[in-house]
Amino acid sequence: EMLKDLRPFLDEAGCLTALPAKHRKALAALWYLAGKIEPERQYTEPEINDLLDEWALFRDHATLRRELYNKHILNRTADCRLYWKEAEIPPLAEFVARNI
C-alpha cells in the first residue's frame, strides 16, 4: 500500500508535516489531501486555502492548490474564485501511474 509510504510525513492527527521530495510519495500526498476535500462542494479560494493549511502543517497552500489543479484533483473557475473536487478521482495506484 502506497499510503504507508506517507506515514513518516503524517503527524498523530493525520496532518502532513512536509510534502515528500520523491515524486511518487508527493503524488500519494496529493491523493491523500484529495480525500479531505468534500465532493460536490464549491470552495472559495480562502476556504480551499484554509482546508489545505489545516491538513498540511507546512502551510504552502499555493503550491498544493496548484498541484491539485494540475493533477486534475481540483477544478476551478477561470477567475480562480471557486474550486471544487473533480467528480472522478482514480484509485491511488492508477493516479500515481497516470502522473509519473
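Reader: What kind of model is this, and in what order do the elements of the chain run from the N terminus on?
Author: This is a predicted model. The chain holds 4 helices and 3 strands. Read from the N terminus on, the order is α-β-α-α-β-β-α.

Reader: What radius of gyration does the chain have, and what would a compact globule have?
Author: The C-alpha atoms fill a box of roughly 35 × 25 × 20 Å along the principal axes. With 100 residues, a compact globule would come out near 13 Å. The chain agrees with that value, because its own radius of gyration is 13 Å.

Reader: What share of the residues is buried?
Author: A residue counts as buried when its relative accessible area is under 20%. The chain has 100 residues in total. The buried share of them is 36%.

Reader: Which residues does Ile-37 contact, leaving aside its neighbours within four places in sequence?
Author: Ile-37 is among the core residues with the most contacts inside the core. Leave aside its neighbours within four places in sequence. The partners are then Tyr-43, Ile-48, Leu-51, Leu-68, Leu-74 and Lys-85.

Reader: Which residues of α2 are buried, and what covers them?
Author: In α2, the buried residues are Ile-48, Asn-49, Leu-51, Leu-52, Asp-53 and Trp-55.

Reader: How many salt bridges does the structure hold, and which residues are joined into one network?
Author: The structure holds 5 salt bridges. In one of them, Glu-94 meets Arg-98, at 2.6 Å from N to O. Glu-94 is partly exposed at 37% relative accessibility, while Arg-98 is exposed at 58%. Bridges with shared partners make one network of Glu-38, Arg-41 and Glu-47.

Reader: Why are Glu-94 and Arg-98 separated by about one helical turn?
Author: An α-helix has 3.6 residues a turn, so residues three or four places apart point the same way. Glu-94 and Arg-98 both lie in helix α4 (residues 92-99). They are about one turn apart because their spacing in that helix is 4 residues.

Reader: Which helices does the salt bridge of Arg-65 and Glu-45 link?
Author: The side chains of Arg-65 and Glu-45 meet at 3.4 Å, N to O. The two residues are 20 apart, so this pair links distant parts of the chain. Arg-65 lies in α3 (residues 61-70), and Glu-45 lies in α2 (residues 45-55). The helices are α3 and α2.

Reader: Is Arg-65 buried or exposed?
Author: The cut-off for buried is under 20% relative accessible area. Arg-65 has 13%, so the residue falls under it. Arg-65 is buried.

Reader: Where do Lys-71 and Glu-67 stand, and how far apart are their closest N and O atoms?
Author: Lys-71 is buried, at 15% relative accessibility. Glu-67 is partly exposed, at 23%. The two form a salt bridge, and the closest N and O atoms are apart by 2.9 Å.

Definitions and conventions:
Residues numbered from 1 in each chain as written. Predicted model: local features only at pLDDT ≥ 70, side-chain atom pairs only at ≥ 80, totals over all residues. Heavy atoms only, no water. Salt bridge = Lys/Arg side-chain N within 4 Å of Asp/Glu carboxyl O. Buried < 20%, exposed > 50% of the residue type's maximum accessible area, 1.4 Å probe, protein only. Core = buried A, V, L, I, M, F, W, Y, C linked by side-chain atoms within 4.5 Å. Contact = heavy atoms within 4.5 Å. Rg over C-alpha atoms; globule rule 2.2 N^0.38 Å.
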